[in-house]
Amino acid sequence: MATAVMKRLEISGEPQEVYRASDEQLDVVFDKRTLHVNPATGRVLDEGQEPRFLLRVANWLHLNRGKKAWTYVADTYAAGLLVLAVSGIFMLPGRRGLLGRGGVWLAIGVLVPVLYVHFSGGP
């Protein structure tokens, strides 16, 4: 059945695995795609994978596949963000600043992760 489906759809290459998932479904698994075949109706669902550029790059960076160099870049970027955040705390004077509404927002910003760590059991 798998050979007939592959011939009909003009798919070359050897499947990694062919198995019957249920009475109504035969799965033909390739490296980056799977064919779900309904033997009774002959209907085939082609489920494939294509790497998406931005998501693939973001995941690559997130998993630190760039190794040492990316670690320094990420740490430098994080330090820059900290400088921006801390300097922003002191920029607005008066009732909108640290002693007014800004202080309330600062307290909320600190409390959210602290409470989460406390109630989730933390490290």
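**View 1. Strand E2 is mostly covered.** Of the five residues in E2, four are buried (buried: under 20% relative accessible area; exposed: over 50%; partly exposed: in between; 1.4 Å probe, protein chains only). Strands (E, at least two residues) and helices (H or I, at least four) are DSSP runs, numbered from the N terminus. The model is predicted: local features need pLDDT of at least 70, side-chain atom pairs count only at pLDDT 80 or more, and totals for chains, interfaces and linings use all residues. Residues are numbered from 1 along each chain as its sequence is written, and side-chain values use heavy atoms, with hydrogens and water left out.

**View 2. Four strands form an open sheet.** The order is E1-E2-E3-E4, and the pairing is antiparallel. Strands E1 (17–22) and E4 (44–48) stand at the edges with a single partner strand each, so one side of each has no neighbour in the sheet. On average, neighbouring strands of this sheet are turned by 20° against each other, direction ignored. Axes here are lines fitted to C-alpha atoms, for helices over the stretch in contact, and angles run from 0 to 180 degrees between N-to-C directions. Two strands count as paired if DSSP finds at least two bridges between them. Strands of a sheet pair through backbone hydrogen bonds, either parallel or antiparallel.

**View 3. A hairpin joins E1 to E2.** Arg 20 has Leu 26 in E2 as its bridge partner.

**View 4. E2 and E3 form a hairpin.** Three residues lie between these strands. E2 covers residues 25–29 and E3 residues 33–37; four bridges pair them in the antiparallel sense. Leu 26 stands opposite Val 37 in E3. Val 29 faces Thr 34 in E3 as its opposite residue.

**View 5. Thr 76 is found in helix H3.** The helix spans residues 68–89. Thr 76 is exposed, at a relative accessible area of 55%. Its side chain reaches the backbone oxygen of Tyr 72 at 2.7 Å. A polar contact is a pair of N or O atoms within 3.5 Å; within protein, one must be able to donate a hydrogen and the other to accept it, and residues adjacent in sequence count only if both atoms are side-chain atoms. From Thr 76 to Val 29 is 44 Å in space, C-alpha to C-alpha, and 47 residues in sequence.
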